[in-house]
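Try each task with the viewer open, then read the solution.

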Amino acid sequence: MSASATPNTSAHALIQVLAANAIDRVFVVPGESYLGVLDALHDFPGIDVVTCRHEGGAAFMACADARLTGRPGVVMVSRGPGAANAAIGVHAAQQDAVPMIVLIGQVPKKDVRKEAFQEIDYQKMFGSMAKWVVEVTTPEELAVAAFKAVRVAMAGTPGPVVMVVPEDVQQALVDQHDWMATPESPTQPAPDGLAHVHTLLSRAHKPLIIAGGEFNRPGGREALMRLAERHTIPVAVSFRQHDLFPNTHPLYAGDLDLSTPAAQVAALDASDLILALGTRLGDITTQGYTFPAHPRPRQTLVHCYPDPHIVNQHFAADVGWVADPTVTAAALADLPPTGEGLARDDWAATLRAIRERMAAWPNAAGRAADDRIPFSVVVQALAAQAPADVAICLDAGTFAAPVYRHFPFVYPQRLLASQSGAMGYGTPAAIAAQLRDPTCRVVCMAGDGGFTMTGNEMAAAAERGLPILFIVANNNCYGSIRLHQARTYPGRYVGTDLASPDFTMMARAFGIQSEYVTRTDQVHDAIARGLAADAPYLLEVRSSLGAILPAGVSHAAGVDLAPRGEP
C-alpha cells in the first residue's frame with residue numbers, strides 16, 4: 001500500500017500495523033460501529049476479508065487460524081449483540097491458548113458509560129477471559145493499541161486481546177507506522193539445570209513425557225521426536241494434542257483426554273520421572289488433578305512452560321523451568337543418551353501395548369442396538385482413506401470419541417478441536433483450515449446439534465469453492481448430554497431430543513453436493529466420493545444413538561425421524 005495513494009486515517013494506521021505483523025486474513029460480521037475500519041480494509045488488498053454469518057462462527061474461525069499460523073487470529077464485530085455473540089470465541093481462545101485479537105466497534109466517545117444503545121462495558125464483560133481489554137479513546141492511540149495487542153496476544157501463554165474502538169475515533173488523519181513486533185527470544189534452561197535433568201534421566205527406569213500444545217510450532221514436533229528417541233522415553237500427549245507425536249510410533253503412549261481409561265492412567269502413573277513439556281497440566285490432562293498426584297507428585301516432576309504463571313501453579317515441580325519447550329527438548333536431545341540397562345524398551349512396550357488395546361477398532365455393528373450406523377464405522381472408513389495431509393476439524397459431541405481414541409494421527413495430519421468443548425467449532429474451523437492451506441484435504445465432522453449452531457458458515461465454502469468434506473452425524477439427539485442422563489438418570493430424558501432438518505437439502509440450498517448415508521455398506525464409498533470431490537461435499541450419516549449409550553440402558557428418543565430413502 002502506498003501512503004500517498006490512500007487516506008491516512010486512524011483506521012488505516014490500525015490495519016497498517018496488523019499488516020506489518022503478517023496478519024493476512026480477518027474474519028468479520030460487518031457492523032455500523034466500525035465502518036471506518038471496514039472502509040480502511042478496502043485499501044489493503046493483501047488482507048483477505050472473510051465475511052461470516054454469525055460472530056460466534058467468525059471468532060471460531062479466528063481461533064483455528066491462529067492455531068495453524070501461530071499469529072493472532074483477527075475477528076471484527078460490531079458492538080453489543082455482535083460482541084456478545086463473539087464471546088464464545090474469546091473463551092475458546094483462552095482455553096486453547098491461541099493468540100487472538102477481537103476488534104469491537106463502540107458507541108461514540110460522548111455516549112460511553114451512558115447506557116447508550118448497544119453499549120457494553122467490555123472490561124467487565126471480557127476481563128476474566130482476555131489477556132488485555134483496551135478501549136481506545138483518541139485516534140492517535142489506535143495504532144499504538146494494535147501494536148501492543150499483537151505483542152500481548154502472543155507473549156507468555158498466548159490468548160485473546162479485546163480492542164474496543166468508538167466509531168468516532170476511526171477516521172481522523174494520523175501518522176502511519178510499520179511497527180513490527182519482535183518475537184521474544186526463546187528462553188532455555190541454564191547448563192547446570194540441563195545437567196541435573198540429564199542425571200535424573202540417567203537414573204530413571206520409567207520416564208514419561210507429557211507433551212503439550214507449545215510443540216505446535218515450527219521445529220517443535222521434530223525436537224519432541226528427537227528427545228523421545230534419544231533417551232527412549234514414551235510420549236503421552238495432553239488434551240486434544242494428538243497430532244504432536246506420531247500415533248503409530250513405538251514410543252507413543254496415548255493421550256490424556258476426557259475418557260482416558262483408568263487402566264491406561266494407572267500404567268502411566270507407574271512412571272518414576274515425568275517431563276511435562278509445553279503443557280499447562282490442566283484439569284483434563286491431569287485427570288482431575290489426580291495424575292500426577294496433587295499437589296506433590298510421587299514421581300520426580302520436571303515442568304517446562306514459557307510462562308511463570310503456569311509453572312508450579314498446581315503441581316510442585318522438582319525442576320520448574322520457565323523456558324521454551326522446543327529449545328529445551330532440543331537441548332536435552334543433544335545430551336548423551338540415557339537408559340542403557342534400565343529396561344526402557346520394556347517400559348515403552350508395556351505402555352504401547354495398553355494404548356494399542358485401547359485404540360483397537362470396536363466391533364461397532366454389534367453395539368448399535370438400533371438400525372442406525374455406529375459412527376465409529378464412519379471414522380474407521382475415513383482413517384483407511386485419509387490422505388497424509390488431512391486436517392480433521394471436530395465439533396463437540398460423542399460422535400467425536402472414536403476420532404480421539406482410534407484415529408492414528410501422523411503429522412502432517414492435523415487435529416483441530418477446541419479445548420473449550422464448545423459446540424459449533426467444527427464448521428468454522430474447517431473453513432479457516434481450508435483457506436489457510438488450499439492444497440490439503442479438510443474434513444469437518446459434526447453432530448446434528450453442533451452443525452445446526454454454525455453450519456450456516458458453510459456458505460463460505462460454497463462461495464469460495466472450498467473442497468471441504470462435511471460429515472454430519474445425525475442421531476436426532478444432543479448425544480453427549482443424553483449419555484450423562486443415561487448414566488445418572490436412566491430413562492429420564494429431558495431436553496436432549498432433536499428434530500433435525502434434512503441436512504442434505506440444507507447443503508443443496510447452499511449449492512453444495514450432498515448425500516444421505518443410511519447403511520454401513522454405503523459408508524466407505526460415500527467417503528471416497530467426498531474425499532475425491534473438488535468442491536464442498538456433505539454426507540449426512542444416520543448415526544446410532546444406541547452405540548454411544550451404556551449397554552442395557554433404555555435409550556429410546558422421543559424424536560426419531562424415519563429414513564428419507566436412499567441417496
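**Exercise 1.** Find the helix that holds A331, and decide whether A331 is buried or exposed.

*Solution.* Start with the helix: in this predicted model, A331 belongs to α10, which covers residues 325–333. Next, take its relative accessibility, which is 15%. Buried means under 20%, so A331 counts as buried.

**Exercise 2.** Work out which residues of helix α19 are buried and why they line one face of the helix.

*Solution.* First, list the buried residues of α19 (residues 523–532): V523, A526, I527, G530 and L531. Now look down the helix axis: these residues fall within an arc of 130°, so they line one face. Finally, see what the buried residues pack against: α12 (375–385) and the strands β15 (442–447), β16 (469–474), β17 (513–517) and β18 (537–542).

**Exercise 3.** Trace the order of strands in the open sheet of six strands and name its edge strands.

*Solution.* Going across, the order is β14-β13-β15-β16-β18-β17, with parallel pairing. The edges are β14 (414–417) and β17, since each pairs on one side only. From one strand to the next, the twist averages 15°. Helix α14 (residues 426–436) packs on this sheet, touching β13, β14, β15 and β16, and its direction makes about 175° with that of β15.

Conventions
Residues are numbered from 1 along each chain as its sequence is written. This is a predicted model: local features need pLDDT of at least 70, side-chain atom pairs count only at pLDDT 80 or more; totals for chains, interfaces and linings use all residues. Side-chain values use heavy atoms; hydrogens and water are left out. Helices (H or I, at least four residues) and strands (E, at least two) are DSSP runs, numbered from the N terminus. Buried means under 20% relative accessible area, exposed over 50%, partly exposed in between (1.4 Å probe, protein chains only). The arc is that of the directions from the helix axis to the C-beta atoms. Contact means heavy atoms within 4.5 Å. Two strands pair if DSSP finds at least two bridges between them. Axes are lines fitted to C-alpha atoms, for helices over the stretch in contact, and angles run from 0 to 180 degrees between N-to-C directions.
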